Structure formats: structure tokens, C-alpha cells
Amino acid sequence: MLVVAITSRALFDLDLSHEIYLNEGLEAYRDYQVNNENTPLDEGQAFNLVKKLLGINKKLNKKVVEVILLSRNTADIGLRIFNSIEYHSLDIKKAAFTGGNSPHAYAKSFGAHLFLSSEFSDCKSALKNSIAAARIIPGPRRKVETDVLKVAFDGDAVIFSDESQSIFDRKGLKAFEINEVSLAKESLHGGPFKEFLFQLHKLQNYFSIEECPIRIALMTARHAPSHERVIRTLRDWNIRIDECLFLGGQDKVNFLKDYQADIFFDDQKEICDLASRLIPTGQVIRLQS
């Protein structure tokens with residue numbers, strides 16, 4: 001089973017509530033939430049991802065995806081969140097309300113393959129516990145056009161380790177390409193999102209290619225000749241990527257818009273900030289070795 005842990009601010013639009021907390025304090029925030037606990041929250045940045053993942057259970061008529069709510073709220077304040085879950089018909093049954101403490105600590109106990117939060121520190125801590133984690137970046141809400149889930153990944157430091165990316169960062173493009181050509185037949189090491197990618201691929205295998213409700217795209221700044229190592233790595237992992245775009249440094253944003261991604265994972269903050277204006281985006285924090 002694919003298990004996704006998500007915070008309330010990633011799932012729902014809590015921007016106004018958060019402003020009240022920042023400007024007026026905890027008591028005003030609590031009063032606001034309790035007074036509005038029967039007013040459903042609007043959809044947040046990761047709402048489409050969660051809804052479509054849970055929809056796979058209905059398509060298969062069995063539970064292959066579970067979503068866990070993790071929240072810094074108390075259970076008292078969290079009643080509005082559960083009411084909103086019910087209003088939006090989301091099959092989310094399990095939750096942890098931590099009363100101000102970081103909720104990431106319970107992601108591992110719940111067996112999460114993915115942790116989504118709006119908090120940088122929570123995501124960093126989850127990654128240190130070997131859980132794929134991404135900081136959901138605020139952006140405009142987007143209307144869902146299809147029930148097909150489209151997930152897009154960057155390659156290096158996301159699906160793959162950051163070893164090759166580090167060479168590029170330290171020594172530049174030429175050294176990077178020399179390294180990748182010399183190691184073209186040697187598989188890349190897995191990155192923080194390899195296991196989540198593998199779990200998505202397992203879900204895909206429940207369906208025929210023609211009828212699969214999940215599509216996966218790789219959007220990487222790599223281009224020939226560094227493409228070969230990527231292709232051979234995915235082949236060795238026995239993972240199918242539906243669309244591979246080797247962009248050679250071109251801006252990814254327009255390609256993500258054309259792909260109509262429900263979410264995009266990348267480690268570069270500048271790219272994430274640009275992408276979030278059009279596409280729900282999760283920044284993958286790079287841990288320093």
C-alpha cells in the first residue's frame with residue numbers, strides 16, 4: 001500500500017487562518033477555527049494529488065492507497081479539518097494532532113512513503129528519516145481537468161542521488177558530462193524519491209497502459225550525451241516512466257503547463273518558485289552530506 005502523510009496546510013487552503021495566527025496569536029486562531037468549524041476549508045495545493053490517489057482505491061475496489069493527516073493543531077482545533085475532509089468526500093481516517101509540535105515524527109510510524117508539508121524544517125527532518133518529503137509552495141489554485149493523476153519529477157537529487165548534480169555544481173557542465181558518459185552503463189544511485197516513484201509504478205501495474213489513471217513524467221535539465229545513464233538506470237530499476245523530457249537547461253515551466261501536472265517535485269528553489277505560479281509544486285530539500 002502507498003502511504004502518504006500530509007499536513008493540513010498542504011491539503012487545504014489555510015492561508016487566512018495562518019495570517020490570523022501570525023498577527024493575532026494562538027487564542028484568536030483557535031477561536032476562529034472553532035467558530036468556523038462547520039465552514040468547509042477550500043482546496044489546498046496538494047488537494048488534487050490526494051483526491052486522485054484516493055480515487056484509485058475506488059477504481060480498483062480495494063485499498064491500495066492510504067492518506068494520513070498530520071497536523072500541528074490540537075484535536076479541538078482540528079475538528080474543522082476533519083469536517084472539511086468529510087465535506088470533500090476524502091477517505092482519510094487516520095490523523096495525528098500534535099498540539100504545536102512538529103508532526104513529521106509520526107510519518108515514519110505510519111509507514112509513510114511520502115510526506116508533504118508547507119514547513120521547510122518538517123520536510124528536512126522527514127528526509128533525515130529516509131522519507132520522501134517536499135515543501136509545498138503556495139500558489140494559485142487550479143481547476144482539475146481530468147481524473148488522470150499526472151506526477152512530474154526532476155531527476156538528479158530527486159529520483160536519483162545528488163552525486164552527479166554535485167559534480168555539476170562544483171565543476172560545471174563539461175565535468176558533469178564527462179562523468180556521465182564515462183559511467184553511462186553504471187546505474188545512478190537512488191535519490192530521496194526513488195521509493196515513492198517505485199510505489200507509484202506498482203500502482204500503475206494494476207492497470208493496462210491504455211487505461212492507467214496515473215502518468216509519470218521525468219523533466220530533467222540533462223540532454224545528450226548524459227541521457228543514456230538515466231535511461232539505463234530506469235531500465236535496471238524496472239520502472240516505467242511514461243514521458244521523459246531531456247530539456248538541456250530549457251525552462252521547465254512551460255513544459256509542466258503543457259503536461260498539466262498535478263504536482264511537480266524539484267530540488268532547485270528558483271525552478272520551484274517559477275513552477276508554483278502555474279503548477280502545484282513541492283521543493284525537495286537537499287541535505288548536506
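Guide: Y21 is part of helix 2, which covers residues 15-24, where helices (H or I, at least four residues) are DSSP runs numbered from the N terminus. This is a predicted model, in which local features need pLDDT of at least 70, side-chain atom pairs count only at pLDDT 80 or more, and totals for chains, interfaces and linings use all residues. Residues are numbered from 1 along each chain as its sequence is written, and side-chain values use heavy atoms, with hydrogens and water left out.

Visitor: Is Y21 buried or exposed, or partly exposed?

Guide: Buried means under 20% relative accessible area, exposed over 50%, and partly exposed in between, with a 1.4 Å probe and protein chains only. Y21 counts as partly exposed because its relative accessibility is 38%.

Visitor: How is a pocket found, and how much space lies in the largest pocket?

Guide: Rolling a probe the size of a water molecule over the atoms shows where empty space is left. On a 1 Å grid over the protein atoms alone, a pocket is an open set of points where a 1.4 Å probe fits, with protein on both sides within 12 Å along at least five of seven lines, and lining residues have an atom within 4 Å of a point. The largest pocket holds about 460 Å³, a volume being the space filled by probe spheres set on points joined across faces, edges and corners. Of its 22 lining residues, H18, Y21, Y29, R72 and N73 are the closest to the centre.

Visitor: Which helix supplies the largest share of that lining?

Guide: Helix 2 does, with 3 residues.

Visitor: What volume has the second largest pocket?

Guide: Its volume is about 370 Å³, and among the 22 residues that line it, Q165, F168, A221, R222 and G249 are the closest to its centre.

Definitions and conventions: Helices (H or I, at least four residues) and strands (E, at least two) are DSSP runs, numbered from the N terminus.
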